Structure formats: C-alpha cells, structure tokens
Amino acid sequence: MGVVTYSQEFTSAVAPSRMFKALVLDSHIIIPKIVPGGIKSVEFIEGDGGVGSIKQTNFGESAHIKYTKHKIDALDVENFYCKYTLIESDIKFDKIDSIVYEVKFTSANGGCVCKMTSDYHVKEGAELKEDDIKQGKDRAMGLFKIVEEYLLANPDVCA
C-alpha cells in the first residue's frame with residue numbers, strides 16, 4: 001500500500017476563525033442549510049464533535065453517493081486545524097483504503113488561507129491518477145467558495 005498526497009490552497013476574504021467554524025466546528029449546521037440539494041444532513045453518530053467523534057454526511061438525491069463517515073483524528077480550535085479520516089462510504093473504492101485530510105486556516109491580508117492536504121492510502125497493486133482525485137478536489141473548492149459567499153453575505157454568522 002502506498003500513499004498519494006495531494007495539497008491545495010484556497011484564499012478567502014473571510015477571517016480564519018469564521019471559515020474554520022463554518023467548515024469544521026459548525027459544518028453540521030451550516031452546510032446542509034446553504035447546500036440543501038447537495039447535502040441533506042450532517043450528524044454526529046459518535047461523540048460531540050471533539051477528537052474521536054464520527055460524523056456522517058448524508059447527500060441529496062442527485063448525488064452519486066449517499067453518505068460518508070469521517071472520524072475526527074485531531075482538532076486544534078485555537079490554531080484552526082483539523083485532521084480527519086474517511087472511514088466509510090456507500091461507494092466501494094476500488095483503488096483506495098482510506099483518505100486522511102488535514103485542514104489549516106491562517107490569517108492573510110484581512111482574510112485567510114486554507115491549506116488542505118489529502119493523503120490517499122492506495123490499495124496494494126493499484127495506481128491512483130490525477131483524474132481519480134480531480135472530482136473530490138473540485139467539490140472541495142466548490143464547497144469552500146459557497147461557504148465563503150454565504151459568510152460574506154451574512155457577516156453575523158459564525159462571528
């Protein structure tokens with residue numbers, strides 16, 4: 001088994017504390033509210049959102065996937081950092097065993113920079129190509145931009 005690491009950065013005019021709260025701490029409240037067609041609900045099936053908690057995301061009817069479960073591995077609220085692992089999905093992955101994500105928000109130019117690293121743990125004998133992860137990368141960028149627009153339009157949310 002090998003690991004393929006992919007990193008990406010997003011910049012935002014929104015403060016890191018607000019983006020972190022919307023995308024990590026309060027994602028179970030914020031995201032279904034602003035993308036109800038794409039994500040029906042996000043709920044904790046174990047824990048309360050701290051380290052060790054398991055969060056299930058239930059996707060809308062039009063999605064190619066019904067649900068995912070992520071386990072929170074590390075959470076540093078003061079430094080706007082979260083590490084979590086995709087542990088289950090209704091889609092069987094033929095090339096990967098798991099995906100570990102790390103997200104960190106830092107202040108920059110009155111807003112923030114979000115650095116996201118994804119470690120794809122590839123099954124023995126499988127080869128993961130850029131096209132294989134492009135869809136997930138594009139979805140992450142799309143969600144980031146939707147949340148940013150929502151926070152800019154609603155300055156009291158996650159303040």
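Trainee: Which residues touch the most other members of the largest nonpolar core?

Mentor: In this predicted model, they are Met19, Phe105, Val147 and Leu151, in a core of 38 residues.

Trainee: Which helices and strands each supply at least two residues of this core?

Mentor: The helices are H1 (16-25), H2 (27-34) and H3, and the strands are E1, E2 (39-46), E5, E6 and E7 (111-122).

Trainee: And what does Val147 touch, not counting residues up to four places away in sequence?

Mentor: With those residues left out, Val147 touches Met19, Ala22, Leu23, Ile31 and Ile34.

Trainee: Turning to the rings, how many aromatic pairs are there?

Mentor: The count is 4 aromatic pairs. In one of them, the ring centres of Phe10 and Phe144 are 4.6 Å apart and the planes are at 25 degrees, so this pair is stacked.

Trainee: Where do Phe10 and Phe144 lie?

Mentor: Phe10 is in strand E1 (residues 2-12) and Phe144 is in helix H3 (residues 130-153), so the pair ties together parts 134 residues apart in sequence.

Trainee: Are Phe10 and Phe144 buried or exposed?

Mentor: Both Phe10 and Phe144 are buried.

Trainee: What about Tyr84 and Tyr101: why does that pair count as stacked?

Mentor: Their ring centres lie 5.0 Å apart with the planes at 25 degrees, and planes under 30 degrees apart count as stacked. Tyr84 belongs to strand E5 (residues 81-89) and Tyr101 to strand E6 (residues 96-108), so their pair ties together parts 17 residues apart in sequence.

Trainee: Is Tyr84 buried or exposed?

Mentor: Tyr84 counts as buried, at 19% relative accessibility. Tyr101 also counts as buried, at 13%.

Trainee: Which residues do ring pairs link into a cluster?

Mentor: Phe20, Phe80 and Phe105 are linked in that way.

Definitions and conventions. Residues are numbered from 1 along each chain as its sequence is written. This is a predicted model: local features need pLDDT of at least 70, side-chain atom pairs count only at pLDDT 80 or more; totals for chains, interfaces and linings use all residues. Side-chain values use heavy atoms; hydrogens and water are left out. Rings of Phe, Tyr and Trp (its six-membered ring) pair if their centres lie within 6.5 Å; planes under 30 degrees apart count as stacked, over 60 as edge-to-face and the rest as tilted. Helices (H or I, at least four residues) and strands (E, at least two) are DSSP runs, numbered from the N terminus. Buried means under 20% relative accessible area, exposed over 50%, partly exposed in between (1.4 Å probe, protein chains only). A nonpolar core is a set of buried Ala, Val, Leu, Ile, Met, Phe, Trp, Tyr and Cys residues joined through side-chain atoms within 4.5 Å. Contact means heavy atoms within 4.5 Å.
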